[in-house]
Amino acid sequence: MKSRHFRAAHSIQVILKLLVAAVMLFPILWSFLCSFKTETEIFRFPPNFFPEALNIENYRNVWDSNLPLQMWNSVKISLYTIAGTLLLSTLAGYGFSRSNWKGMNVLLYILIGTQMIPGLSNVITLYITGNKLNALNTHWYVALIYIASNAPTAVWLMKSYFSNIPRALDEAALVDGCTHVQAMFRITLPLVRTGMVACAILIFVNCWNEFLIAMTMLGRTRVKTYSLGLRAFMVENDISWANVCAATMLGLVPMLVLFLSMQRSFLEGLTSGAVK
């Protein structure tokens with residue numbers, strides 16, 4: 001009897017998961033199909049689910065625009081941000097996990113509390129600072145802002161990963177003659193590489209989708225990011241939805257490639273950081 005109830009509950013759970021997945025994936029599927037349609041087909045009523053013909057003109061229009069360059073700009077800024085954020089969060093996370101001084105928890109709470117500050121409240125100050133430094137329309141300045149915004153969460157994640165590594169390994173390395181820095185890089189750091197991969201993917205997604213800071217700091221077409229380039233297809237009186245769908249599908253490619261190539265490490269990193 002219990003086995004029958006268990007199977008029924010499991011079947012209901014699977015059905016609910018499939019329904020949720022279908023609801024989440026349907027907009028992506030619809031955008032993919034619309035990327036092969038003409039503007040007339042998109043606005044036709046009743047709508048056709050599949051395009052009448054495989055039209056790649058939309059992708060050609062997007063590829064001939066500035067969007068490929070702007071996608072590369074987003075990749076560069078994301079790589080700069082990942083490198084800087086991981087460097088800071090790794091050192092800070094290791095220090096927090098291996099020390100226990102008075103006020104440390106307060107500092108950690110203040111650090112994560114900065115994530116509650118609305119990003120809009122800092123835009124004017126950041127713009128004035130960038131203007132005085134002649135750093136507007138530069139990728140390094142945007143990357144610095146992204147590093148500052150992603151570092152608090154990354155520090156907490158890296159601290160949790162390092163906390164799962166026994167301190168006895170560090171102590172054994174110190175007995176063998178290693179310094180604290182050598183013990184971290186040679187012994188502890190390789191054990192949290194899956195956590196670093198998880199942080200890197202989360203940072204990449206945040207940078208790739210960010211719009212407000214990029215719109216404020218980057219005004220020239222050739223230095224804009226992907227999210228700004230996508231907006232170029234949406235003007236006040238004319239929105240080319242077919243091109244927008246094609247550009248959206250191209251924008252999914254880097255994230256899909258990154259996630260699928262590092263899926264195992266990403267999932268291991270998320271679960272290992274959730275142990276404590």
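1. Which pattern does the protein follow when read along the sequence? The pattern is α-α-α-α-α-α-α-α-α-α-α-α-α-α, with 14 helices and 0 strands in the protein; helices (H or I, at least four residues) and strands (E, at least two) are DSSP runs numbered from the N terminus. The radius of gyration is 23 Å, well over the 19 Å that the globule rule gives for 276 residues, so the protein is more spread out than a compact globule; this radius is taken over C-alpha atoms, and the rule is 2.2 Å times the number of residues to the power 0.38.

2. A word on the basis of these values. This is a predicted model, in which local features need pLDDT of at least 70 and side-chain atom pairs count only at pLDDT 80 or more, while totals for chains, interfaces and linings use all residues. Residues are numbered from 1 along each chain as its sequence is written, and side-chain values use heavy atoms, with hydrogens and water left out.

3. On the overall dimensions, the C-alpha atoms fill a box of roughly 75 × 75 × 30 Å, taken along the principal axes. Of the 276 residues, 38% count as buried, where buried means under 20% relative accessible area, exposed over 50% and partly exposed in between (1.4 Å probe, protein chains only). Among contacts with a separation of 6 or more, 74% come from residues 24 or more positions apart, a contact being heavy atoms within 4.5 Å.

4. The search of the whole structure finds 11 aromatic pairs; rings of Phe, Tyr and Trp (its six-membered ring) pair if their centres lie within 6.5 Å, and planes under 30 degrees apart count as stacked, over 60 as edge-to-face and the rest as tilted. One of these pairs is formed by F36 and Y59, which is tilted, at 5.3 Å centre to centre and 45° between the planes. F36 lies in the loop between α1 (2–34) and α2 (39–42), whereas Y59 belongs to helix α3 (residues 57–63), 23 residues apart, and both F36 and Y59 are buried.

5. A stacked pair is formed by W208 and Y226, at 5.2 Å centre to centre and 20° between the planes. Since W208 lies in helix α10 (residues 193–209) and Y226 in helix α12 (residues 226–231), the pair ties together parts that are 18 residues apart in sequence. W208 and Y226 are both buried, and both are in contact with M71.

6. Helix α4 deserves a look through two of its residues. M71 lies in helix α4 and is buried, with a relative accessible area of 13%; leaving aside neighbours within four places in sequence, its contacts also include L250, G251 and P254. T85 is found in helix α4 (residues 67–97) and is buried at a relative accessible area of 0%, touching I147, N150, A151, A154 and I203 when residues up to four places away in sequence are not counted.

7. Most residues other than glycine have a negative phi, and most peptide bonds are trans. F45 and P46 are joined by a cis peptide bond with omega about 0°, and P46 lies in the loop between α2 and α3. N134, in the loop between α6 (123–132) and α7 (139–163), has a positive phi of about 55° although it is not a glycine, and N134 is exposed at 68% relative accessible area.
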